[in-house]
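Let's walk through this structure together, one step at a time. Have the viewer open and follow along as we go.

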Protein chains: 2
Amino acid sequence: MSDPTELTALAAAKEIASGRLTSEKLTQALLERIDSRDDAVRAWAHLDPDQVLAEARMRDSERPRSPLHGVPVGVKDILDTHDMPTTHGSPIYPNNHPSNDAACVALLRDAGMVVMGKTVTTEFALRNPGPTRNPHDPTRTPGGSSSGSAAGVGDCQIPLGIGTQTSGSIIRPASFCGVVGYKPTHGRIMRNGMKVLAESLDTIGCMARSVADANAFASVMEASPIQSLSDVGPAPAFAFTRSPCWAEAEAGTRNAMKEAIARVQGAGGTVVEIELPPAFKDALEAQDVIMTYEAWRGLAYERCFHADKMSVALKDAISSGGDHTRQRYDWARNVQATCKATFWQVFQRFGAVLTPAAPGEAPKNLAFTGSPNFNRLWTVLGVPCVSVPGLKGPAGMPVGVQCVGAAGRAHETLAHAAWLERVLAE
Amino acid sequence: MSDPTELTALAAAKEIASGRLTSEKLTQALLERIDSRDDAVRAWAHLDPDQVLAEARMRDSERPRSPLHGVPVGVKDILDTHDMPTTHGSPIYPNNHPSNDAACVALLRDAGMVVMGKTVTTEFALRNPGPTRNPHDPTRTPGGSSSGSAAGVGDCQIPLGIGTQTSGSIIRPASFCGVVGYKPTHGRIMRNGMKVLAESLDTIGCMARSVADANAFASVMEASPIQSLSDVGPAPAFAFTRSPCWAEAEAGTRNAMKEAIARVQGAGGTVVEIELPPAFKDALEAQDVIMTYEAWRGLAYERCFHADKMSVALKDAISSGGDHTRQRYDWARNVQATCKATFWQVFQRFGAVLTPAAPGEAPKNLAFTGSPNFNRLWTVLGVPCVSVPGLKGPAGMPVGVQCVGAAGRAHETLAHAAWLERVLAE
């Protein structure tokens, strides 16, 4: 058998169910990988090998509870775990031991999966980075805020990781680390037990090694049956949009989009370039107003009573929220509602929209997790997004292609992303 | 001066600011009231008199930080407090000591208010009652789930209490206990640090002794400036709807609505009976689907790992959520979105809609917190609601009149409710 650290989650679970692999052996192999790579990558906020191995052995003693039984997963450190600390990437919470698991963590445990440990998050899932580095080049950022989950999956330290996105915190790090990033429709994975940043935007999703893995894992966290991805047929219909931020796209991203479109067309698919509806012109500003308005209020405890332990970067990122009036916030929420109602029209003719996942390759800067501008529009819309890996930029670093779908039609989005994944891998 | 326990919150704060009263003396008076009444009412899940008095003395040493400086408040026991346990009304959490305050709790402390203690909630803010009794008749329910906050305010043990509503958990107990209940527009008070039941419905609000108090306190929790309620003029325009549940209205509620309409008209206002738009026919079913779908998933940790400590009533209340498919949930969310878009039309001509707050007087049953059916429609719409006290039923128990407004226009709703409050008090 090949190196178990390189298996997809579904393949690993199949090996475990067949008896050719055990959860303990898989976990042991992953722990060895982490041991050899942790100095360089630093993906983990908390990891207790003995605890994980004990949990894996327990899973080996059970009958499989799901198609992901026995598979270890990294949990972003803004999600509560009843048996591990949850620091939110903040010095305000060094000894925070929640009484409960977040709902999504409980659901993956109920599916027989193993919590490997807590993965590094930026401070409260905003801009201030943790210690994690890009596994493909330690002088580059892994992206954020789901830094540890993206780097851990990208470095074969873990087959799956939980991420969350408020601006671009799943799709961007996935693109930078060369993994599949999946942000489901807003509100489909419940956020109970998550440290909320901005309620109207925060979305739980995942980092994975394949689109099929992301589909299966998200279904577990959604407490919905795992459905195989459907066949999109020989000629799937894609749209392409440069998005309002195209001027920020670097050569790596411009070339990747060009290459992706050519590969789709070469494989029999169609790609039609579209303009976004006029209502979208205010959407990026609305996303910023909603995020800062909600985060400034939502982090009231930290801001009012522990401001000395908040980074300057965090304070700067939310300070405008204190100036926004209720009327300004209502304006932004109305823009959000209008764009949600309008975007549906785009999907009359297409199965998914192709658009950049990030401005380019991961920046050579460990103090900056990169711009989320190619993600913010889709986050405020609450629509499903997948970052599909396979292409590389001028420096040889990964560059993802983002596949966007319609709210409530995530299955179709994932099916198109899986088709694209095969086409980009050829 | 009159008995300080009977002052409104704004009046008490004014006395404190003027030096005629102190936060400590007010707190002491409230503690004495609680001491004499707690055996009968049982509103408190946690109360430490020494701790509260120390906090009040600290407030007395400060310059006023807001128009509610020094006022004690009861905090529903599903909201995190860094210095008090938070049990969620559940035996799963007897020793739960959060590291943080919920955002709304931090904001009220930042405004110089005093956390009196934690008020009794039903189990996870659903149906299974706590020990609290109606302050006007200990053989009757106080309503739920915000039982302790409603009973505490209704019994002059506290001038203000925090409540939350997913079905009818603010407006119904307010009606039963004879206090003002205020559910703001969904999403305006951030829910960080709250035990979530159903994300798309849960709304933080308050119990108060006057509409003006509710307006001021909600503004503090919303981190928005406190604006005085505007004058609605000599002839405010109300609508009246029987709502889809009129058949459940008992004599107490039928008479109260008749009396309220007569008083409004007698005072110069207009009342026009309206039918709800046809799209609303599915709204009650949608509310139930959304609540059970989200709660069954959101309470995954408790359900999967501590089912033995969940009441049968709780399990029954959420079990249908496990059967609902993603498609059924999407249907319900679409109904919600359509009704939200449609309800706006009702407000072209009216300042507020009058409708029952509850089926009637508080039931003579401590095992049942009463039907939320007159509340569920407005919760799924996310619109602001106020229960206005002043009228009584055949047994002499309070019966509230519900004043409903349009999303994002809570100020207008409150202004109409304040006018109604004066008219009902005459």
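Which residue forms a salt bridge with A:Lys118? The partner is A:Asp77, and the closest N and O atoms of the two are 3.2 Å apart. A:Lys118 sits in strand β3 of chain A, while A:Asp77 belongs to the loop between β2 (72-76) and α4, so this pair ties together parts that are 41 residues apart in sequence. Please keep in mind that what you see is a predicted model. Over all chains, the structure holds 44 salt bridges.

Now step back to look at chain A as a whole. Chain A contains 14 helices and eleven strands. Its radius of gyration is 20 Å, close to the 22 Å that the globule rule gives for 426 residues, so chain A is as compact as a globular protein of that length. If you like to think in boxes, the C-alpha atoms of chain A fill one of roughly 60 × 55 × 40 Å along the principal axes.

Next, let's zoom in on some backbone geometry. As background, most residues other than glycine have a negative phi, and most peptide bonds are trans. With that in mind, have a look at the loop between β3 and α5 of chain A, where A:Phe124 is found. A:Phe124 is not a glycine, yet it has a positive phi of about 50°. The loop between β3 (114-119) and α5 (147-154) of chain A is also the place of A:Ser145. The peptide bond that leads from A:Gly144 to A:Ser145 is cis, with omega near 5°. Turn to chain B and you will find a cis peptide bond from B:Gly144 to B:Ser145, again with omega near 5°. B:Ser145 is placed in the loop between β3 (114-119) and α5 (147-154) of chain B.

How do the two chains relate to each other?

The contact takes 40 residues from chain A and 40 residues from chain B. Of the interface residues of chain A, 100% are also interface residues in chain B, so the copies meet through the same surface. The size of an interface is often given as the accessible area lost when the parts come together. Here chain A and chain B bury about 3600 Å² between them, with 49% of it on carbon and sulfur atoms.

What about specific pairs across this interface? The rule finds six salt bridges between chain A and chain B, and the side chains of A:Arg191 and B:Glu199 meet in a salt bridge at 3.1 Å, N to O. There are also 18 residue pairs in polar contact across the interface. On the side of chain A that touches chain B, the elements that give two or more residues are α4 (103-110), α7 (211-222), α9 (283-298), α10 (300-305) and α12 (326-343). By residue class, that side of chain A divides into 17 nonpolar, ten polar and 13 charged residues.

Note on methods:
Residues are numbered from 1 along each chain as its sequence is written. Chains are lettered from A and ligands numbered from 1 in the order in which they are written. This is a predicted model: local features need pLDDT of at least 70, side-chain atom pairs count only at pLDDT 80 or more; totals for chains, interfaces and linings use all residues. Side-chain values use heavy atoms; hydrogens and water are left out. Contact means heavy atoms within 4.5 Å. Buried area is the accessible area (1.4 Å probe) that two parts lose on being put together, summed over both. A salt bridge is a side-chain nitrogen of Lys or Arg within 4 Å of a carboxyl oxygen of Asp or Glu. A polar contact is a pair of N or O atoms within 3.5 Å; within protein, one must be able to donate a hydrogen and the other to accept it, and residues adjacent in sequence count only if both atoms are side-chain atoms. Helices (H or I, at least four residues) and strands (E, at least two) are DSSP runs, numbered from the N terminus. Ala, Val, Leu, Ile, Met, Phe, Trp, Tyr, Cys and Pro count as nonpolar, Asp, Glu, Lys and Arg as charged, and the others, Gly among them, as polar. The radius of gyration is taken over C-alpha atoms; the globule rule is 2.2 Å times the number of residues to the power 0.38.
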